[in-house]
Amino acid sequence: SHERKIIPVADPAALAKAAAERVIARIEQNPGRVAVCLTGGSSPKALYQLLATREYRDTIPWDRIDWFIGDERLVPRKDPLHNMCMARQAFLDRCAPAANVHPIATDTADLNDPDVSAALYENELMAFYGAEQLDPARPLFDLVLMGVGPDGHTASLFPGYPAVAESARWVVGVPKANVEPFVPRVTLTLPTLASCREMLFEIAGESKRAILARLLAGEDLPANRARSQHETVWLVDQAALPEDFRG
Ligand code: 6PG
């Protein structure tokens with residue numbers, strides 16, 4: 001359904017653990033090739049590091065999981081600000097076969113033209129999916145991870161930007177970000193991100209409380225428009241929860 005489920009957790013450690021358990025559950029539900037769309041920012045780092053620990057690492061069938069990224073910053077691929085670079089360092093380089101990691105190209109394309117990188121990634125996603133139209137009965141991703149920015153953005157879908165309204169393209173370039181780092185971005189569009197069995201947000205810390213209050217009040221912001229065609233879950237820690245939602 002298009003309903004969103006909010007699951008409160010105690011703190012960032014509990015949040016990472018809850019997220020890891022959902023990652024495992026999604027993998028177990030698909031005996032074939034599993035596609036996971038990762039996210040950048042600081043929120044998912046603890047989850048990524050947890051997946052690389054013995055407990056998880058030894059149980060994950062790495063050979064049959066493909067890892068994509070929901071948005072990227074147009075910086076060199078080894079720049080610490082590069083989203084996939086962060087994910088690689090946190091877990092992929094130690095765990096996943098190189099061929100199963102699908103970054104958005106930022107070095108091969110003209111760094112000032114995110115549309116070039118976007119078109120390349122769109123082609124890669126279509127080739128992986130085996131079609132140029134998304135079929136609701138056959139989601140592109142098993143799992144899409146997301147975060148929420150202070151302005152209500154998610155992926156690199158910033159409030160009021162044309163990328164938010166894009167309904168045909170799978171991936172688009174964003175010439176300038178609304179928040180730091182102010183570099184061009186490449187982002188999957190809402191219909192592409194929605195094509196998943198589960199969309200999982202990680203939201204933690206006091207700095208998220210103000211935007212979370214606005215989102216829970218129903219404000220029309222990209223993070224509120226981002227919904228899986230199937231299941232959408234927000235994992236929220238106590239520090240991020242506005243007063244009236246706390247247990
Ligand atoms: C990015 C992310 C972005 C992120 C939010 C939250 O490229 O910045 O993909 O959408 O999820 O900005 O960022 P934090 O996790 O750092 O708060």
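How many residues does helix H1 have, and how far does helix H1 reach from its first C-alpha to its last? Select residues 12–29: helix H1 has 18 residues and reaches 26 Å between those two atoms, close to the 26 Å expected at 1.5 Å a residue, where the expected span is 1.5 Å times one less than the number of residues. This is a predicted model, in which local features need pLDDT of at least 70 and side-chain atom pairs count only at pLDDT 80 or more, while totals for chains, interfaces and linings use all residues. Residues are numbered from 1 along each chain as its sequence is written.

Within H1, next select Leu15, Ala16, Ala18, Ala19, Ala20, Val23 and Arg26, which are buried (20 or more other C-beta atoms, placed from the backbone, within 10 Å of the residue's own). Then show what these buried residues pack against: strands E1 (4–9), E5 (141–146), E8 (196–203) and E9 (231–237), together with helices H2 (45–51) and H3 (54–57). Helices here are DSSP runs of H or I with at least four residues, strands are E runs of at least two, and both are numbered from the N terminus.

Move to the ligand, which 15 residues surround, the closest being Gly41, Ser42, Ser43, Gly147 and Gly149 (a residue counts as near if its C-beta atom, placed from the backbone, lies within 6 Å).

Finally, zoom out to the whole chain, whose secondary structure comes to nine helices and nine strands, and whose C-alpha trace spans about 50 × 45 × 35 Å along its principal axes. Buried residues make up 45% of the 247 residues in the chain.

Technical notes. Buried ≥ 20, exposed ≤ 12 C-beta atoms within 10 Å, placed from the backbone. Contact = placed C-beta atoms within 7 Å.
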